[in-house]
Structure formats: C-alpha cells, structure tokens
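Student: Could we go through this protein model together, one question at a time?
Tutor: Gladly; here it is.

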Amino acid sequence: MAKGYWIGRVDVSNDEGYKPYAVANLAIFKKHGGRYVVRGGRFTSVEGQSRTRNVVIEFPNYEAAIACYNSPEYQANIKVRAPHSIADLIIIEGYDGPQPSES
C-alpha cells in the first residue's frame, strides 16, 4: 500500500507565535503515524515560486494523512498557526509502482 504525504510550504511572519503550532504538531502527527521526512533544511528553488520553509510528512497511507488533517487536534492547531504564517499544503498519495531501471 502506498504511503500518504503532506507537502507544505510556509512563510512565517512571527517565529515566536509559530512555535506553539510546531510543538503541538509532534503529538498530532505521532497519533496518526506521521513522521518528518523533510523539516526545513537547505533548498534551491529551480522553478516557480517558493516559500522560506518546506516540510514533507510521511504517513502510513493516504487515509491516515487525510485523517490527521481533519482531526480536531490539527484543525484547532491551524488556528494557532494562521495569524503567524502563510502556508500551502497538499496531501498526496505516494507511488508504489515500477521504477525506472538503472542502465
């Protein structure tokens, strides 16, 4: 079964106001089997527009990723984040099909 992912791009306008959101996410993601794959770090924007922070969170499957987003805990946490940032977030199903073979 393919995993599920959140892919988020965020511009934070108030680091101190944003911190409680980030701290609360640890328990919320854990409850739904989520783990950070990318959390900040160095990046190069090679096409299109970017934001200052990037995050990829992996879940056991697409349904768990959706359930986490729709959970009462995360929905409440969005209200903590919103005054301090602008975010783009997608939830996407991973790919379990064939991969290109190495030459």
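**The pocket, the sheet and the helices**

Student: How many residues line the largest pocket, and which lie nearest its centre?
Tutor: On a 1 Å grid over the protein atoms alone, a pocket is an open set of points with protein on both sides within 12 Å along at least five of seven lines, and lining residues have an atom within 4 Å of a point. The lining here counts 23 residues, and those nearest the centre are Val 10, Tyr 18, Tyr 21, Asn 25 and Val 55. This is a predicted model, where local features need pLDDT of at least 70 and side-chain atom pairs pLDDT 80 or more, while totals for chains, interfaces and linings use all residues. Residues are numbered from 1 along each chain as its sequence is written, and side-chain values use heavy atoms, leaving out hydrogens and water.

Student: Which element gives the most to that lining?
Tutor: Helices (H or I, at least four residues) and strands (E, at least two) are DSSP runs numbered from the N terminus. Two or more lining residues come from each of E1, H1, E2, E3, H3 and E4. The top contributor, with seven residues, is H1.

Student: Which strands stand at the edges of the sheet?
Tutor: Strands pair if DSSP finds at least two bridges between them. The open, antiparallel sheet has the order E2-E3-E1-E4. Each edge strand has a single partner, so one of its sides lacks a neighbour in the sheet; these strands are E2 and E4.

Student: Over how many bridges do E1 and E4 pair?
Tutor: Val 10 stands opposite Ala 87 in E4. The antiparallel pairing of E1 with E4 runs over nine bridges.

Key. On a 1 Å grid over the protein atoms alone, a cavity is a set of points where a 1.4 Å probe fits but cannot get out, and a pocket is an open set with protein on both sides within 12 Å along at least five of seven lines; lining residues have an atom within 4 Å of a point.
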